[in-house]
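Please consult the sequence and structure shown below.

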Amino acid sequence: MAQTFATEYSSREITRDPTVRAFIDNTLTDLVHELSLSPTEAHPSITLKRRANPAACVINPINGALEANLRAETYKTYSWPGTTAFEAWKFTVILRILAIIDKAIRSGQSISKRDIYYIDPQYFRSQQTVNGVIDDLVYTIGVDRAALNVEAAAKGLIAGCLRLIRDSQVVVNAQSATEDTLIPRIENDDEIDISRARWVLVIEKEGKGYPDLSTREFLHKLSNVASNQNRPPLRFYGLTDGDPHGMAILSTYKYGSAAHVHENARLILPRLQWLGVRVTDIIAVPDAPGYKALLSLTPQDRSKIVAMLRNSPVWASDGPALEWRVELQRMLMLNLKAEIEILYD
């Protein structure tokens with residue numbers, strides 16, 4: 001019998017990367033030097049690489065990952081005291097977060113984005129501010145988030161035919177659990193037993209939003225484990241809402257995201273197939289129970305579809321996802337969308 005498990009999150013072992021240490025040391029050394037100069041000579045600043053715009057990305061023809069067009073790379077410099085109050089504030093925010101990361105690396109402890117935000121929520125103003133600076137730093141340095149000793153709290157669930165073995169002990173048995181199991185941290189020496197699994201169903205719902213990095217890395221690791229075993233290929237299916245957000249989620253799993261182009265190669269799931277929900281499947285059967293539960297696109301939905309078709313190479317007329325592109329176009333023409341809940345009817 002085919003087995004299935006659904007997942008929305010994972011985490012990974014923290015790694016050590018000397019480039020992070022070098023970047024922090026060089027940045028702080030340069031700042032100290034600038035601050036030692038006279039006010040008329042000092043120009044303390046921090047320069048970060050700007051994350052790629054989807055329109056400036058390309059699909060790698062070898063691995064299928066969404067990547068930045070190196071010719072389109074740009075940088076942003078924040079200085080002190082800056083030309084505006086915002087620039088001065090952003091400069092100090094970056095410096096503060098670098099100091100927190102530096103402390104975490106020196107102590108060998110991990111810290112989450114949420115932890116960083118709550119160190120000084122009044123100053124950081126929002127969690128989004130911290131998230132953006134962390135993402136800019138990893139993109140600038142060219143590492144993943146774990147290299148900064150920054151982790152995210154586990155929140156996704158897994159159920160089905162999977163065992164995680166550590167030091168010859170089964171630490172997670174997702175099949176025998178009486179309820180969904182929180183995805184654990186995967187360490188380098190762990191063994192993932194998916195020998196009885198035939199396929200994987202990824203369900204993106206329950207308010208989890210867009211795929212986080214740990215979930216994507218976990219699925220990528222499962223795909224690699226299956227490829228290295230003497231067994232039939234493991235099939236991956238995605239079930240999302242039949243709307244532009246659901247299709248964008250599907251695209252992120254399979255091809256990657258513009259926000260993390262430098263990491264997509266280790267996160268993508270090239271064999272992922274779209275199971276649904278498709279609006280066109282529902283309207284093809286007018287007497288189907290879910291037919292009357294179709295929803296109209298909102299103005300925001302329509303704008304997102306247009307932006308996806310216009311800006312991303314994934315949805316281009318010569319892109320790798322022509323079937324998905326056609327579905328988006330039909331969705332726009334019919335002005336209809338469907339949520340996963342329609343399957344319950």
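At what angle do helix 7 and helix 10 pack, and how far apart are their axes? Helix 7 (residues 244-255) packs with helix 10 (residues 322-334) at an angle of about 170°, and the axes lie 11 Å apart. Axes are lines fitted to C-alpha atoms, for helices over the stretch in contact, with angles running from 0 to 180 degrees between N-to-C directions. Helix 7 is therefore roughly antiparallel to helix 10, a term for angles over 145 degrees. Helix 7 contributes Pro244, Met247, Leu250, Ser251, Lys254 and Tyr255 to the contact, and helix 10 contributes Trp324, Glu327, Leu328 and Met331; contact means heavy atoms within 4.5 Å. By class, these residues are seven nonpolar, one polar and two charged.

The model is predicted: local features need pLDDT of at least 70, side-chain atom pairs count only at pLDDT 80 or more, and totals for chains, interfaces and linings use all residues. Residues are numbered from 1 along each chain as its sequence is written, and side-chain values use heavy atoms, with hydrogens and water left out.

The protein has 10 helices and 18 strands, assigned as DSSP runs (helices H or I, at least four residues; strands E, at least two) and numbered from the N terminus. Of its 345 residues, 48% are buried, meaning under 20% relative accessible area, whereas exposed means over 50% (1.4 Å probe, protein chains only).

Two further helices can be set side by side.

In helix 9, the buried residues are Asp301, Ile305, Met308 and Leu309. They cover an arc of only 90° around the axis, so they lie on the same side of helix 9; the arc is that of the directions from the helix axis to the C-beta atoms. Helix 7, helix 10 and strand 18 (336-337) are among the elements covering these buried residues. The face turned away from the buried side carries exposed Pro299, Gln300 and Arg310.

Helix 1 buries Val20, Phe23, Ile24, Thr27, Leu31 and Glu34. Their arc of only 105° around the axis puts them on the same side of helix 1. These buried residues pack against strand 2 (45-49), helix 2 (85-107) and helix 5 (127-141), while Pro18, Thr29 and Val32 are exposed on the other side.

Conventions:
Parallel < 35°, antiparallel > 145°, perpendicular 65-115°, else oblique. Nonpolar A, V, L, I, M, F, W, Y, C, P; charged D, E, K, R; others polar.
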